[in-house]
Amino acid sequence: MAKLIIVDDEKSIRGALRDILEYEGYEVDEAKDGEEGLDMIIKSSYDVALCDIKMPKMNGLDVLLKAGEAGKETQFVMISAFGNVENAVEATKRGAFDFVTKPPDLNRLLGAVRNALDRSKSVQQTRLVKNQTLQSSDIVGQSPLICRLRDAISRVAVTEARILITGANGSGKELVAKQIHERSSRATMPLVEVNCAAIPGELIESELFGHEKGAFTGATGRRIGKFEQANGGTLFLDEIGDMSLSAQAKVLRALQESKIIRVGGDKDIKINVRVIAATNKDLRKEIQNGNFREDLYHRLSVIVLAVPSLAERRDDIPLLINKFLNDLATEYGAPVSRMDKAAMDHLKKLSWSGNVRELRNVVERLMIMCGDKITLDDVQFYTNLGL
Ligand SMILES: Nc1ncnc2c1ncn2[C@@H]1O[C@H](COP(=O)(O)OP(=O)(O)OP(=O)(O)O)[C@@H](O)[C@H]1O
């Protein structure tokens, strides 16, 4: 359950906000001044703080700054008295997520909380991805093509250049995007992923750019999009070849002007996002067929990184098998299975149209079916069955 804290010196405001937020299903704590609020935020983990600006002992801006200095990822929605909006704007410049004026409008308040929670989730996911990266998402392989790819990643990650990652399904494009983000100066900010193929055409623009309340049927509140969620960080547009032409035009504008407009909105919003795109399609062919904008292609492809298919780097297969056997043993809490050399040699010869993802699935199946020792017989039996 999402955990919120209300920091406000006015008891009646705290009570009113608590009632509303608890009714919405959030877990809510209260602090009666800035000092107490900061103490609670540092000791506990809150997703969102609703924080008054003018308070005794410590004002809201200081609570915001000190919580950040203490490494807290709590998202702040500042509450400011009407007529004191400059302070609230100043707070958003210093890292607050949003602000609402007193007395808060119910829809505006709940929209701000929902959006702040979305942002909090992205930040947490980034940390999770980061931890997983430290554990096991190194790009495994010693083949010349993979060594060259790793070298290229080290060179481009530290720059701000836009990158297009190409390669077949399951070859490791997403892994490459994560590595680039992790090694960039944006690593502590969110890495937000959008699978353009998985989102219906009519929803993609709202997903990317957000929408204002009432922008279309069902838009009951304001929602921020992936571009805004990724602000300061990286936006990974996976399967970009599947994006509609109308969304492409808007992405192009966002890249050209570093600004977006929410669906149904009229206000430009400045964004600072590094875009990494990936595709398994031949975008040049898509351009010829009228399915992809050439100008967008040139904007996205300052650097092109081609991820090789598994068939182009068969010598990496034993290394990958051992990595997956180790990872899976940890995942299942089981002893590490061993695969003999003849079994690995056999796997090296298969076609692997699903690339590294398919290899991982096969290794997982063999581990489940065969236990701690996997032989050539086992591999032939299960791969011949097409299992
Ligand atoms: N070189 C590698 N070393 C270790 N694991 C890898 C490597 N390449 C891919 N993988 C693993 O293979 C699986 C598929 O990789 P990933 O999702 O990055 O592929 P993709 O090209 O983005 O796939 P899709 O085209 O379907 O989006 C993941 O579990 C990933 O961790």
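Modeller: A residue is called buried if 20 or more other C-beta atoms lie within 10 Å of its own, exposed if 12 or fewer do, and partly exposed in between, with C-beta atoms placed from the backbone. This is a predicted model, in which local features need pLDDT of at least 70 and side-chain atom pairs count only at pLDDT 80 or more, while totals for chains, interfaces and linings use all residues. Residues are numbered from 1 along each chain as its sequence is written.

Colleague: Why does N355 count as buried?

Modeller: N355 has 22 C-beta neighbours inside 10 Å, and therefore counts as buried. N355 lies in helix α15 (residues 355–370), where helices are DSSP runs of H or I with at least four residues, strands are runs of E with at least two, and both are numbered from the N terminus. Its phi is near 55 degrees, a positive value in a residue other than glycine.

Colleague: What makes E239 partly exposed?

Modeller: E239 has 19 other C-beta atoms within 10 Å, so E239 is classed as partly exposed. E239 sits in the loop between β8 (234–238) and α10 (245–257), and has a positive phi of about 55 degrees although it is not a glycine.

Colleague: Which peptide bond is cis, with omega near -10 degrees?

Modeller: That is the bond from K102 to P103, and P103 belongs to the loop between β5 (98–102) and α5 (106–136).
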